[in-house]
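Subject: Structure handover

Hello,

I am passing on the structure we spoke about. Please look it over first; my notes follow below.

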Amino acid sequence: MTKPTMGPALAAAVALVLAGTAGADTIKVGVVAPFSGPFAMYGKQFKDAIDVYVAEHGTKAGDHEVQFIYKDTGGPNPDTAKSVTQELLVKDGVNYLAGYTFTPNALAVAPLVDQAQVPTVIFNAATSIITTKSPYFVRTSFTTPQVAGPLADWAIAQGIKTVVTSVTDYGPGIDAEKGFVKEFEAKGGKIVDSIRMPIATSDFSPFMQRIKAAAPNALFTFIPAGPPAFAFVKSYSDNGLSAAGVQFLGTGDLDEETTLQGLGDAALGIHTSFPYSVAHESAMNTQFKADLAKVDPGAVANFASVGAYDGTEALYRMIAAGGTDGDAGLKAVLGASWESPRGPVSIDPKTHHITENMYIRVVAKDDKGQLINKEIETIKDVPDLGLVSK
Ligand code: PHB
């Protein structure tokens, strides 16, 4: 039997009907992230989390059908971020924007977002200043000072007195360094060296030698999650820093769960601070992981997943309340609070940034022998310490 084909008239009619269903009351959301290249993890985690949210809540926010349109930046490429955002605004006519993994990409689109007056939910980019660049930004991830401050306090409480900081030399790294140093020194700790590493580096041996030579009680580090962060942790053990008694303190970007098993036993005992651990014990996190397994069997959740999942919650709240009226949407989310797989969260109406618990975690093994970020201490309701202190 031959397959029936549509005549041109019928095809045109179908196209019209489809256009009709995706017409007046469909709200379009443009999602900008790396879907290719070494940081493609983010795009996948974002899309999976959106799919989970939609599977749980349906395709409608209030009365509005929601359509997501994805664009690839390939990584930290501000020019590409700008051009795909422009395309989403002008060609696709999106009503809302979301995603943005890297600080330079988020900063590059601030003038576009501001001019178009399109609410934009940052799913990841973690430099404090971003949300001050347009009132249309809302952020559901974390900032590096928000993560680093509580870790500095914890370090002091453990009797750690001397630290070398080593961070990637761009926005979130510099913010992480400042956030850690400020808190650590205020409590009597001493920074014996501060290293800023180029963003493109993946050979960390020279830095490890420098840290080893300074012989601090601990190192503190931030590197954006991805292959360089993984290489840094490997380098820490390969260069014998652990054996030399230098403890590892970092933001949770360093040992995020999509690559955690690959770090192997060398990662046991490293301490990080972060808003989300896959091992977080709550009914909501259990449900989130089960629903993720349904949309993408074998997928591992991580911080990027909850950044996007809560970001989608923010988008649905805005769309339900405001529809095409972005300003009305924005109002509905500022000050809002909800339960997340990471714990309780709220959106600070002043900073447009998420207030959330920070967890101090240690890499340990669960009863199946898998490496986990085991939460050992909770610091409740932490705001963006970077903006608060400015
Ligand atoms: C950022 O560029 O702001 C950024 C990227 C990746 C991270 C954290 C922050 O893991």
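**Surface and overall build**

The protein chain has an accessible surface of about 15400 Å², and carbon and sulfur atoms account for 56% of it. These areas come from the Shrake-Rupley method with a 1.4 Å probe, and for residues only the protein chains shown count as cover.

This is a predicted model, in which local features need pLDDT of at least 70, side-chain atom pairs count only at pLDDT 80 or more, and totals for chains, interfaces and linings use all residues. Residues are numbered from 1 along each chain as its sequence is written, and side-chain values use heavy atoms, with hydrogens and water left out.

Of the 390 residues, 54% are buried, meaning under 20% relative accessible area (1.4 Å probe, protein chains only). The C-alpha atoms fill a box of roughly 75 × 55 × 40 Å along the principal axes.

The chain contains 13 helices and 15 strands (DSSP runs numbered from the N terminus: helices are H or I with at least four residues, strands are E with at least two). Counting contacts (heavy atoms within 4.5 Å) between residues at least 6 apart in sequence, 68% join residues at least 24 apart.

**One residue in detail**

Thr162 belongs to strand β7, which covers residues 162-168. Beyond its neighbours within four places in sequence, Thr162 is in contact with Phe184, Lys190, Val192, Pro216, Asn217 and Ala218. A polar atom of the Thr162 side chain lies 2.9 Å from the backbone nitrogen of Asn217.

Regards

Technical notes. Buried means under 20% relative accessible area, exposed over 50%, partly exposed in between (1.4 Å probe, protein chains only). A polar contact is a pair of N or O atoms within 3.5 Å; within protein, one must be able to donate a hydrogen and the other to accept it, and residues adjacent in sequence count only if both atoms are side-chain atoms.
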